[in-house]
Amino acid sequence: MKHLNKLFALLMLLGLSSQAQDSNNKWAIGFGANAVDGGRVSAASKVEDQFSEFFNAKDNWSILPSVSYVSVTRHVGSGFSFGVTGSVNKIKKFVGERTYDAATNTNDYVVVDGDLNYYGLDGAIKYSFMELLKSKWLDPSLNVGGGYTWLGEEARGGTVNAGLGLTLWFTEQVGLSWTSNYKHSFDSREDAGSIPTHMQHLAGLVFKFGAKDTDGDGIYDREDACPEVAGLKQFNGCPDSDADGIQDSEDDCPNDAGTVEMKGCPDTDGDGIADKDDACPEIAGLKAFNGCPDTDGDGVQDKDDKCVDVKGPKENNGCPWPDRDGDSVLDKDDKCPDVKGTVANKGCPEVSDEVIKKLNDFAKTILFDSNKDSFKQQTFPVLQSIAAILKEYPTSKFSIEGHTDSDGKDDFNQRLSDARANAVKKYLIEQGVDQFRLSALGFGETQPIDSNKTKAGKANNRRVEVKLVK
């Protein structure tokens, strides 16, 4: 055991100067049992003799039933690695010279017992075929190198080594390894101080280590596109926080599961507008309204539409313009929205000849005090009736005209007719008729409608007339 401890220390010191085991796990350490083929530690010097009875482990192999070798390796690159192996054994079996047995008519090597300590320190460059095979668990290899062997108290010397190996990886970092090495000695001496050419077999476990995984996501930093944030293998170590199959760096909504079409964002109402941009995420709508609906398709979104099921203009809050009086002129354009009129007259009724006649029939009964512009008492109901008729035609304009008979001077009659016409206008305005719809003008005695030679004729000439201004 004292020698084994020294061997462990020496191996670790030598192993630290080696290179990476693979691109991620920089180191590998192996340990297990070794067997030295006693048939090779013998007087046999011919190559064919060295390989005779290669599989006769029972008769020819010496095996120490404990951990009897340790190896440390690092990967160089492109399948190559460099390693150092230390081994101990107890040589119990030797093969002597070939001897002829006349009784059996055979010519075989004689195997005799022995008891020699065996120590080996070997370095090797190994090439792994695992990448060529594109395998993740089968790892055949070829190695070449050299070493130094101690046998018993006196024998020691160098060897040139070559061998084959096979590792079966149970996991990415743990494997079962077998290696058989042919260790050729150039020492031609056949005395106790020589090291004969021999075979050594190693079987044990190997562990790879040294890879760094900062975020602990099982993906080594060297291969991790996001080494400081735990992620998924399919995204080279980058996260997909909402598990929607889109990595966070390409996900506009990394914390809410969505679709590829929506760049990782959800679209709850399925209107093609991501919830983050959708003012109405639970109701299918239009892009023009940031995802809010316009049920009646009138260009006014429902939240601003007072009539969501009936088309209407935006100016009327999405409702159709009313036509209260049913005259085919919309209230917005109807100057008389509560009175049925005509399109030509902007929704107001047109003044007919019958209406003008009616107005003038009333006007004939307007009575003034003699030579004055003041009204007799019985005239007020007449004026009120005229005002009521004028209100029925709010867009029509009227002229109030005053006339006198021929009695008196012309200029007086002119002033009097003006005063009386304006008196009627003033009263009608006081009754609510728009002043801009009325004009007043006196004609004096210039437009008689009857003879001024009779009393009745003069009465007819003293009059007020109402005319439609077109």
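**View 1. Contacts across the whole chain.** Take the contacts (heavy atoms within 4.5 Å) between residues at least 6 apart in sequence: 49% of these join residues at least 24 apart. This is a predicted model, where local features need pLDDT of at least 70, side-chain atom pairs count only at pLDDT 80 or more, and totals for chains, interfaces and linings use all residues. Residues are numbered from 1 along each chain as its sequence is written, and side-chain values use heavy atoms, leaving out hydrogens and water.

**View 2. The largest nonpolar core.** Here 26 residues come together; a nonpolar core is a set of buried Ala, Val, Leu, Ile, Met, Phe, Trp, Tyr and Cys residues joined through side-chain atoms within 4.5 Å. Buried means under 20% relative accessible area, exposed over 50%, and partly exposed in between (1.4 Å probe, protein chains only). Among the residues with the most contacts inside this core are Leu359, Phe398 and Leu428. Elements giving it two or more residues include α5 (353-363), β10 (397-403) and α7 (410-430), while α6 gives the most, with six. Helices (H or I, at least four residues) and strands (E, at least two) are DSSP runs, numbered from the N terminus.

**View 3. Around leucine 390.** Leaving aside residues up to four places away in sequence, Leu390 touches Leu359, Phe398, Leu428, Val433, Arg437 and Leu438.

**View 4. A second, separate core.** This one has six residues, including Val36, Leu151, Ala155 and Ile195.

**View 5. Phenylalanine 170 out in the open.** Phe170 sits in the loop between β7 (155-169) and β8 (174-185). Phe170 counts as exposed because its relative accessibility is 54%.
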